[in-house]
Amino acid sequence: MPWEVALDVGGTFTDVVARSRGGEVRTLKILSSGVFKGVASRGFADGFADVARAGDPDRFWIGAECRLLSAAGSVSLIHEVRSCRAGRFVLGAPVAAGTRYELAFPGAEAPTLAVRYLLGLGAANVVPGLLLRFGTTRGTNALLTRTGARVGFLTTLGFGDLLSIGNQDRPRLFDLVVRKSSPLHARAAEVPGRLAADGTELVPLDVAAARAALAELRQAGTDSL
């Protein structure tokens, strides 16, 4: 493979490191939304220039949306990038110096956009084969902040409190008032059926009970299991 790419997608930023077979290393940090933000340093009758984008790959942003922002930060106009080179963007419409803007390819995820940017490949180019390592903290963040999907816990009959009990670790043994963290799941359901450690069926699965338990979780607003 000509390139090795390692990505870490976080809740706010995506960090990327790319290394070529010859040892060249390129790095990039972008918003995980896939949006590039900036301020026009010069305005023209057909677009603008931003010295901060002078290092972008030539023609990379052709076909992208350029969203011009108002003083309040809301999108006031949207133009398609017709041409771009060395930080000069041609939109076919006037832009004043100092105008804030956003660049984005609608529907493009940050990892894909980052790989294309580092390799200098526009939207019309095919990404070559590469060795990709991908990691993300989004799932961890969702668990820590309780902002993810409403999760249901389906388990063997008699084990509904398993995740609440945990390993019975008591790091503050002599606290008179113990405040336990709320469980990660919103609701638990138990189903008859159990396997031994070697996989032998000890209690046959009650399929009807499993269907009923799943229906109950669904009605309770469960999004994930």
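The chain carries 26 positive and 21 negative side chains, and the centres of these two sets are 5 Å apart. The model itself is a predicted one.

Next comes the overall form. Along the principal axes, the C-alpha atoms fill a box of roughly 75 × 45 × 45 Å. The radius of gyration of the chain is 26 Å, while a compact globule of 225 residues would have one near 17 Å. The accessible surface comes to about 14,200 Å², and carbon and sulfur atoms account for 55% of that area. Of the 225 residues, 30% are buried.

The chain contains four helices and 16 strands.

Now to the interior. In soluble globular proteins, nonpolar side chains tend to be buried together. In this chain the largest nonpolar core has 31 residues, and F36, F48, W61, C66, V81, F89 and L103 are those with the most contacts inside it. Which elements each supply at least two residues of this core? They are the strands β1 (3–9), β2 (13–20), β3 (25–31), β7 (65–69) and β11 (100–104), together with the helix α1 (110–119). The largest share of the core, seven residues, comes from α1.

The helix α1 is mostly covered, with nine of its 10 residues buried. The buried residues in α1 are A110, P111, L113, A114, V115, R116, Y117, L118 and L119. What do these buried residues pack against? Their partners are β1, β2 and β3, along with β4 (36–39) and β12 (131–136). Just after α1, G120 takes a positive phi of about 70°.

Leaving aside neighbours within four places in sequence, F36 is in contact with I30, R53, W61, Y101, E102, L103, L113 and Y117.

Another core lies apart from the largest one; it has five residues, among them V191, A210, A213 and L217.

Notes. Residues are numbered from 1 along each chain as its sequence is written. This is a predicted model: local features need pLDDT of at least 70, side-chain atom pairs count only at pLDDT 80 or more; totals for chains, interfaces and linings use all residues. Side-chain values use heavy atoms; hydrogens and water are left out. The radius of gyration is taken over C-alpha atoms; the globule rule is 2.2 Å times the number of residues to the power 0.38. Buried means under 20% relative accessible area, exposed over 50%, partly exposed in between (1.4 Å probe, protein chains only). Accessible areas come from the Shrake-Rupley method with a 1.4 Å probe; for residues, only the protein chains shown count as cover. Lys and Arg count as positive and Asp and Glu as negative; His and the chain ends are not counted. The place of a charge is taken as NZ of Lys, CZ of Arg, CG of Asp or CD of Glu. A nonpolar core is a set of buried Ala, Val, Leu, Ile, Met, Phe, Trp, Tyr and Cys residues joined through side-chain atoms within 4.5 Å. Contact means heavy atoms within 4.5 Å.
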